[in-house]
Amino acid sequence: MLEVRYASSNKDAKGYDTQRLREEFHIGGLFQRDEIKLVYSHIDRIIAGSVAPVEKELKLEAGKEIGAEYFLERRELGIINIGEKGIVILDGEEFELDKRDGLYVGMGIKDVVFKSVDKENPAKFYINSAPAHTSYPTVKINIKDANPVNLGSEKELNKRTIYQYVHPNVCKSCQLLMGMTLLEEGSVWNTMPAHTHDRRMEVYFYFDMDEDAMVFHMMGEPKETRHIIMRNEEAVISPSWSIHSGVGTKKYTFIWGMVGENQTFTDMDHIDNKDLL
């Protein structure tokens, strides 16, 4: 259920080949039928992964890696459903999530159970979890309730809308930020021009992609860039020292999750395109 990844140095990452880059930062094999697949990264202790209930109800459990009695004993949780209608049960209370609905779950909830409404059209819950210091109320977030930020242009092939789900403008959380970015038709670049943010790490999850589509996810220090090829329903871990930008061969959507020192969305160090190598 839970795979552990240790933090990687920016100095070491310069020497990684393609296989090593993927071992350290790429997250595949998500949304296996009736399974929970999670990756615990020592980079800011984020947990990212998938819950795919079809025939079964699936419950989040706390393993040895977390060192807690239950999963949210000292954690908070963000959920976005990318599949069909599903239900999240929190200590007996049901929350119905349609496609692209989100849910913030505060620290202290003991039982977190996921199920699909229709096994022929199952839900797909993508989740991010971060350590928490206090408990904030559970909030259901429809995409219409998320805070939209319009960025980019047709000329730059990066016209997009960023929907902030778990964000101070929408709901309170300890350190987790989470949202979804939708690209306009004909736009293929996300987060370009690139940036870094030393005070936060990030995980990108790419989905809504055709079988033959790819996203070339750019990572690394600005003067030591690398790429990881991403396919549908795959995620990638981005350390604070790394850029995180991508270009797709076809249209795609992605969910971003951030954990770290602050929740200031604009706290980033912009990088001019001419300074990328």
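A salt bridge here is a side-chain nitrogen of Lys or Arg within 4 Å of a carboxyl oxygen of Asp or Glu. This is a predicted model, in which local features need pLDDT of at least 70 and side-chain atom pairs count only at pLDDT 80 or more, while totals for chains, interfaces and linings use all residues. Residues are numbered from 1 along each chain as its sequence is written, and side-chain values use heavy atoms, leaving out hydrogens and water.

**View 1. Glu55 and Lys119 form a salt bridge.** Their closest N and O atoms are 3.7 Å apart. Glu55 sits in the loop between strands S4 (47–52) and S5 (58–59) and Lys119 in the loop between S10 (112–116) and S11 (125–131), so the pair ties together parts 64 residues apart in sequence. Strands (E, at least two residues) and helices (H or I, at least four) are DSSP runs, numbered from the N terminus. Arg33 joins Glu55 and Lys119 in a network of salt bridges.

**View 2. Lys250 meets Asp212 in a salt bridge.** Here the closest N and O atoms are 3.0 Å apart. Lys250 is partly exposed at 33% relative accessible area, whereas Asp212, at 53%, counts as exposed. Buried means under 20% relative accessible area, exposed over 50%, and partly exposed in between (1.4 Å probe, protein chains only).

**View 3. Helix H2 (residues 18–25) has Leu21, Glu24 and Phe25 buried.** Seen down the axis of H2, the buried residues fall within an arc of 75° (taken from the directions from the helix axis to the C-beta atoms), so they line one face of the helix.
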